Amino acid sequence: MAVLLTSLSLTRFPSSFFSSSAHNLFLSRSSSSSIRRFNLFSLKPLRSFASMSSSSPDDAQTPLTTAPYGSWKSPITADIVSGASKRLGGTAVDSRGRLVLLESRPNESGRGVLVLQGETPIDITPKDFAVRTLTQEYGGGAFQISSDDTLVFSNYKDQRLYKQDITDNGSSPKPITPDYGAPAVTYADGVFDSRFNRYVTVREDGRQDRSNPITTIVEVNLSGETLEEPKVLVSGNDFYAFPRLDPKCERLAWIEWSHPNMPWDKAELWVGYISEGGKIDKRVCVAGCDPKYVESPTEPKWSSRGELFFVTDRENGFWNIHKWIESTNEVVSVYPLAGEFAKPLWVFGTNSYEIIECSEEKNIIACSYRQKGKSYLGIVDDSQGSCSLLDIPLTDFDSITLGNQCLYVEGASAVLPPSVARVTLDQHKMKALSSEIVWSSSPDVLKYEAFFSVPELIEFPTEVPGQNAYAYFYPPTNPLYNASMEEKPPLLVKSHGGPTAESRGSLNLNIQYWTSRGWAFVDVNYGGSTGYGREYRERLLRRWGIVDVDDCCGCAKYLVSSGKADVKRLCISGGSAGGYTTLAALAFRDVFKAGASLYGVADLKMLKEEGHKFESRYIDNLVGDEKDFYERSPINFVDKFSCPIILFQGLEDKVVTPDQSRKIYKALKEKGLPVALVEYEGEQHGFRKAENIKYTLEQQMVFFARVVGGFKVADDITPLRIDNFDP
């Protein structure tokens, strides 16, 4: 295995090198290098880590060890965190009502596998395939199942669409789109058209220009043996999503938007009428074209009666469910509420609601929504103007899939990891008779329940009088340890990515890794976050690098003043846009003592010039003019940095390119600040491989402990070398 040293003393090696033995060998031999590539449940204390699955002793029987915060030993290891990071990429049901889900497996280098649930789950995806699309870089909507159990999916390696019969266990996927010699063409978010035996999907075509691909809605022929070039059905705008056919396949609904908008800024919902020849010969704009409203419609869905429902934020600034009255081309609200019934369109294929029953008298809709940091699962009856809440073990909800006499709900809770629950409804479809967890990203996680820190939703003042921001605070929690009364815990502030996104107060073993070792942790929903309506989301417009930074700093100071954190041991970490907020906070404020940036932005101008099409105009609205781009780029103010920083970067990242991390690393090293950079081959935007997730987590912990902690980490971790810190 070759090791290549560059002028930055940069070490490269393939991620396959990271077997446990090879990993330890590499660390022992190469530690001189600064860069590597590479209400819920009761909480009862446990006697020892070895007896996790046994019943827990009473508090009186468990002797507590007094030790400094940050030095506590915990059974929630980095191995457990990385192994429990299976991601859910969507759910569907087959013709027999069986659940099919897409799981991304870190222990298989993040390979996406479709699994048919049952008494014994069955992998549908053959070993030499992986289900994942790279459309708009973030993907989503990578598969669909027809009523006759035909599966169409996007294969990761070549990005072609494949067809497979899931009723035949030995069925081999067959390509249905041409091979262009390179994955320059991608597909996402498709639906079956039984009328013309075709698959209607979003296509991103970069054959002419990879940096500016052409996005259209196309049809893919399902009947012939000969591969055909997909035919364009809808074109002319910059972006498309959610192509959805009515029950008779006579009308197609879709969402479209154009630069410089993102889909949550301003979008349009259209309906096209399909001719006898299969083309769209008439179009109607349903929402987004009326100058009276600035709105962002999303998630169109046809009922069994052919009525069109969708989510938009036109009246009250919150994403609410609406219905289109076709005869008069009017839009009516189904259930107005100051809550968010949808999420920002970062990935394709989200499904926030399902139409359970539709008649002339009423519509019954299963849905989830967010209000001020809390999730709710409910059944809306539009005839009564009511919403009945469902009580199930999950308390934080994502997508919903309609099954046979049941709902499959994706979600989590403060003590349950990302899971899928099957919810059986009563005969009136308004109440939950029962619910059970049928899939979990980490089935064994409850044995660590006594070590879980349950988050507290906090609201704290911002720099603007009368404006508050929100966060989830996790106190240090370990049933075997306490700290001295005089000591306050170190605090890690997390700045989420996006920045148009939201932190959720559900179980995250990454967070529990910190809190069970004696760290306080706070996950901040700064101004600009979703889940709180358009007005809150738009606080960040033209003020990215100001509002988010102020809110993260303000949250840390609020917790210090509340006696919950040590002012001398405040650290900050974030990935992607959160990495930018981290670097900006360290450059332009004097609050934090150390930071970690994961694939974060150091140079806003570089991000704009090198970014992919989907986000190429995103930061125009977030930042402003050329002067703002310069003044808010941390790389231009290296002289203002004054504390240690560690950086992590994937080498195949096309969203935030490796040059961003390399540039800030080199500048900080030359300035003389303690700094280290870790680079991973084979990783894109966000880390999917278990060995890299583990290494990132452990090295952050050791880095903070060494530079600001004042304690020794209990785990046996070989630290990487820190420039300007280690001899």
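This is a predicted model: local features need pLDDT of at least 70, side-chain atom pairs count only at pLDDT 80 or more; totals for chains, interfaces and linings use all residues.

Reader: Is H11 largely enclosed or left open by the rest of the structure?

Author: Largely enclosed, because 19 of its 20 residues are buried. Just after H11 comes Gly-710, with a positive phi of about 75 degrees.

Reader: How do I describe two packed helices?

Author: Use the angle between their axes and the distance between the axes. Take H5 (residues 547-561) and H6 (residues 577-588). Their axes come within 9 Å and cross at roughly 75 degrees. H5 and H6 are therefore roughly perpendicular to each other.

Reader: Which residues of H5 and H6 meet?

Author: From H5, Asp-548, Val-549, Cys-552 and Cys-553; from H6, Tyr-580, Thr-581, Ala-584 and Ala-585. By class, this contact has 6 nonpolar, 1 polar and 1 charged residues.

Reader: Now sheets. How do strands pair?

Author: Through backbone hydrogen bonds, either parallel or antiparallel. Here 4 strands form an open sheet, in the order E16-E17-E18-E19, with antiparallel pairing. E16 (239-245) and E19 (280-287) stand at the edges. Each has a single partner strand, so one side of each lacks a neighbour in the sheet. Neighbouring strands are turned by 25 degrees against each other on average, direction ignored.

Reader: How many bridges join E16 and E17?

Author: They pair over 5 bridges, in the antiparallel sense. For Arg-244, the bridge partner in E17 is Ala-253.

Methods
Residues are numbered from 1 along each chain as its sequence is written. Side-chain values use heavy atoms; hydrogens and water are left out. Buried means under 20% relative accessible area, exposed over 50%, partly exposed in between (1.4 Å probe, protein chains only). Helices (H or I, at least four residues) and strands (E, at least two) are DSSP runs, numbered from the N terminus. Axes are lines fitted to C-alpha atoms, for helices over the stretch in contact, and angles run from 0 to 180 degrees between N-to-C directions. Angles under 35 degrees count as roughly parallel, over 145 as roughly antiparallel, 65 to 115 as roughly perpendicular and the rest as oblique. Contact means heavy atoms within 4.5 Å. Ala, Val, Leu, Ile, Met, Phe, Trp, Tyr, Cys and Pro count as nonpolar, Asp, Glu, Lys and Arg as charged, and the others, Gly among them, as polar. Two strands pair if DSSP finds at least two bridges between them.
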